[in-house]
Amino acid sequence: MPAYRAEETAELLFNFPDGVSWSELDKQGVKLPVRMKFVDLVIERDQDILLVEIKDPSHSRSQDRERNAYLKRLADNSVLTQELTPKARDSYLYLHLMERDSKPFKYVVLLGLDAFDPDRQKALMFGFKDRLLADIREESFEAWKRKHIADCVVLSVDSWNQHFPEWPLRREAPVARLVPEGVLQ
């Protein structure tokens, strides 16, 4: 069961057992449609397709200033409207056009907030799922006629492991690559 990191420097590691059908949608280094935003992972289960977006402001290399700015954007819903909703829409549209939409879609947002105190986390998470689902379903002056996302859930690292114990997640800093002296990066 090889561990998966969304990016080379990511600290959140997923373990998917053999037989789980998953793929990276926001793949680095491959040609993707211009101006479309994609979720990190697509996991196909018997009953549905999970669109998984990973946001980790608790990354050990994030500075307090960056973390606090991200928290402010979470609180004022700009992360929701400018990042999360467009990623759900564009990912669904892409998978629909690729004829990979034979099951209901569910949106899973993983927020690595473990660097923040539990009260702050709780305050940020309160009602977030409902606001996200409402925004996904009504991005403009009227609601979409088609409910392209059946449901969503917003999880922390701990709650991910409660919801998906068969796909354990852990935080682990990547091993730094050593560069020989005199070699420019």
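View 1. Helices (H or I, at least four residues) and strands (E, at least two) are DSSP runs, numbered from the N terminus. The model is predicted: local features need pLDDT of at least 70, side-chain atom pairs count only at pLDDT 80 or more, and totals for chains, interfaces and linings use all residues. Residues are numbered from 1 along each chain as its sequence is written, and side-chain values use heavy atoms, with hydrogens and water left out.

View 2. R67, Y70, L71 and L74 are the buried residues of helix 1. They lie on the same side of the helix because they cover an arc of only 100 degrees around its axis, taken from the directions from the helix axis to the C-beta atoms. On the other side, R65 and K72 are exposed (over 50%). After helix 1 comes N77, with a positive phi near 70 degrees.

View 3. Five strands form an open sheet in the order 3-4-5-6-7, with mixed pairing; pairing requires at least two DSSP bridges between two strands. Strand 3 (21-24) and strand 7 (151-155) are the edge strands, each pairing on one side only. Strand 6 and strand 7 pair in the parallel sense over 5 bridges, and Y107 stands opposite C152 in strand 7. Helix 4 packs on the sheet, touching strand 6 and strand 7, and its direction makes about 140 degrees with that of strand 7 (axes are lines fitted to C-alpha atoms, for helices over the stretch in contact, with angles from 0 to 180 degrees between N-to-C directions).

Key
Buried means under 20% relative accessible area, exposed over 50%, partly exposed in between (1.4 Å probe, protein chains only). Contact means heavy atoms within 4.5 Å.
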